[in-house]
Amino acid sequence: MAIFTAGIDVELREVSLKKKPQHMLDVSRKGTVPVLCDGTTVIDESLDIMLWALAINDPDQWVSRYSEAEKANAIQLIDESDNDFKRWLDKYKYADRHPEHEPEYYRHKCTNFLAKLDNSLQKQPHLITSAITLADIAIFPFVRQFSKVDRDWFDLCDFKALRIWLDTLLELPVFKRVMANHVKTHE
Ligand SMILES: N[C@@H](CCC(=O)N[C@@H](CS)C(=O)NCC(=O)O)C(=O)O
């Protein structure tokens, strides 16, 4: 979404994580996706790719709207999402591979982070500022994943502000457009 919003043309290369192409491992030994190659520049963290794209062009002020303090808060929240929350989310999504606990246990672990998001969304419609910024864009795809594990539970849970926030982001034209491209490349 950041690359699309910045209006940067990229060639998307789909890779199988079960059979990672040698070229990908040559440019980034870490072996995770996404990896962005721009000539000799290699960026292999999704947040860094977003920051790279938005430093080139940030028409919706996803980063440039931030004060220094807001930017630091955003990066810290994204870090919490990328590490702690995502670790529990993966276990919740694939609870059958982690039989040491019931799925409800993993879901409860996820809710610590979701409660924190819901709490700030009760005060303003988006995470760091009242407008959509980097943190919303970086975090909502994982809340979307969470919501899809048990839709009925999510629809009835206490996180009303979080649901409204997620619904707003899912309606963003840029999300729909990027997802449509994604579906096309998977056909
Ligand atoms: N913090 C990294 C995480 C990247 C990551 O773990 N990607 C997963 C796919 S979502 C991956 O490539 N896993 C490698 C593997 O499964 O071998 C980022 O945001 O770029």
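Author: The model is predicted. In it, a polar side-chain atom of Ser-46 sits 2.4 Å from an oxygen atom of the ligand.

Reader: And how far is the side chain of Lys-20 from a ligand oxygen?

Author: An N or O atom in the Lys-20 side chain is 2.7 Å from an oxygen atom of the ligand. Val-33 uses its backbone instead: an N or O atom there lies 2.8 Å from a ligand oxygen.

Reader: How much of the ligand does the protein bury?

Author: The protein buries 59% of the 510 Å² that the ligand exposes when taken alone.

Reader: Which residues are around the ligand?

Author: Leu-17, Lys-20, Gly-31, Thr-32, Val-33, Pro-34, Asp-44, Glu-45 and Ser-46. By class, that shell has 3 nonpolar, 3 polar and 3 charged residues.

Reader: Is the peptide bond from Val-33 to Pro-34 cis or trans?

Author: That bond is cis, with omega near 0 degrees. Most peptide bonds are trans. Pro-34 belongs to the loop between helix H2 (22-27) and strand E1 (36-38).

Reader: Switching to helix packing. At what angle do H5 and H8 pack?

Author: H5 (residues 103-121) and H8 (residues 160-170) pack at about 80 degrees, and their axes are 7 Å apart. H5 is therefore roughly perpendicular to H8.

Reader: Which residues make the contact?

Author: From H5, Leu-114, Leu-117, Asp-118 and Leu-121; from H8, Lys-160, Ala-161, Leu-162 and Trp-165.

Reader: How do the residues of that contact divide by class?

Author: There are 6 nonpolar, no polar and 2 charged residues in the contact of H5 with H8.

Conventions
Residues numbered from 1 in each chain as written. Predicted model: local features only at pLDDT ≥ 70, side-chain atom pairs only at ≥ 80, totals over all residues. Heavy atoms only, no water. Axes fitted to C-alpha atoms, helices over the stretch in contact; angles between N-to-C directions. Helix = DSSP H or I, 4+ residues; strand = E, 2+ residues; numbered from the N terminus. Parallel < 35°, antiparallel > 145°, perpendicular 65-115°, else oblique. Contact = heavy atoms within 4.5 Å. Nonpolar A, V, L, I, M, F, W, Y, C, P; charged D, E, K, R; others polar. Near = heavy atom within 4 Å. Polar contact = N/O pair within 3.5 Å; in protein donor to acceptor, adjacent residues only side chain to side chain. Areas by Shrake-Rupley, 256 points an atom, 1.4 Å probe, with all protein chains shown as cover.
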